[in-house]
Amino acid sequence: MALSGQQAVLAPSLRIVDRAYFAWATVAVAYAIAFLQRVSPQTVGLSFMHDFGTDASGVALLASSYFWGYTLMQIPAGLLVDRYGVKRVVLCSMAASALGSAAFALSPTLLDVFMARSIVACGDALVFTALLKLVAQSFADERFGVMSGISQVSGYVGGAIATAPLASAVSGFGWRACFIVIACIGAANLACASVALKPAAATHTNKTFKSVLLASWRALGASANWGCAMTFASHFAVVTTLSGVWGIPMVAHYFNISPSAAGAPLLAFMVGNALGSIFLGHAADRTTSLDGSLIWICVLRMLLIAMLLPALAHTFGLVYVGTVFAVLGLVAGGTVPLVLKCTKHLYTAELIGVGASVNTTSAGIFAGLAQPVIALAMVTASGLGATSIHTTRPAANDAGYIALIGILLLMSLPGIVGPLLIRRKLILRA
């Protein structure tokens, strides 16, 4: 009898846990699709240019339409998630992404492409904030770090699918058919999410948008919250600039190899990023000093970036550079769960959507403003004329990449200052 009673108690508990993971999985799939959408222009670019009779400017339009829609929706994303709850926001997000993908696949002109991709981006911009909110609400604090890390990995899976698998599919079936399939997968995931996700609690139903806005305004008055934003912005801008903009050209220049061959160290970076998100996310749940961990991880990141200086790369070779990128990926992947853990502690689960949006928006602005400065510094240090950007000559030489690494090290400094601003509030909350 005692055993039967225990089974009766455990069964509902297991069902609740299973539903929490199922609900999480539907939003994680949406985030994977969003990540795929974000990086897909590099894969479909050639087919896209052929079909529309355009050049690189058309691909730039394709990429920029997503970027602007995604960035402009970040602050509203946090407010919407904190006011209306995860389910309503995610379902609207998935619907916009699926409809936008279908419209993109059927677009007859570049203007239609811009509008369709903007719709996709506005939908996708809501996903990670909602996913983070769902993790904060559905899992204990002791599981938050590892679950947020795994959530980040779901995006990397989408990014991986957007490389060779998507390229093969585009080659065999065309880019339009591929994005119709992506739209159908998104619609199917929308149907699953509508069943799996629980409606917002009564506390959300009773909230007004004004009350969330006022609470957010008060939260933004705390220096610790801006310290958290500085920490994430520094990490994101540095890592994205290196791994997403200049990593492959730098490796190709160092060793005089093709861009495809130079992609191997960046693949090692992505693998390291995924592993770091999981294993260091698990460690984030057990550390007693989030601020100290963030400072040490920033210092380690700076050391690894300095290890990519041309003199060291030429001396130790491609395997050395690939190893540095792999370790840098581990460090970068481990940074995100630490920042997210701080975000939850500073904003609480009630306003974590706003916190995530502030961090993401700050990171996007910092990264965007840094790019022209970095390009100018690299060209100037390389002694290349401005017209070289439009020729087949290298974008930079060793001197240019030394300038790049120097600027990345300077951009890393807010990652040390930010945790110092966070420290006092974390101690008070402990």
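The model is predicted, with local features requiring pLDDT of at least 70 and side-chain atom pairs counted only at pLDDT 80 or more, whereas totals for chains, interfaces and linings use all residues. Residues are numbered from 1 along each chain as its sequence is written, and side-chain values use heavy atoms, with hydrogens and water left out.

The protein chain contains 20 helices and zero strands (DSSP runs of H or I with at least four residues, and of E with at least two, numbered from the N terminus). Of its 430 residues, 50% are buried (under 20% relative accessible area; exposed, over 50%; partly exposed, in between; 1.4 Å probe, protein chains only).

Helix α10 comprises the 22 residues 175-196 and should span 32 Å at 1.5 Å a residue, in agreement with the 31 Å between its end C-alpha atoms (the expected span is 1.5 Å times one less than the number of residues). The buried residues of α10 are W175, C178, F179, I182, A183, G186, N189, A193 and A196. These residues lie on the same side of α10, because they cover an arc of only 140 degrees around the axis (taken from the directions from the helix axis to the C-beta atoms).

Helix α14 (residues 259-284) supplies five residues, the largest share of the nonpolar patch. M270 is located in helix α14 and is partly exposed, its relative accessible area being 32%.
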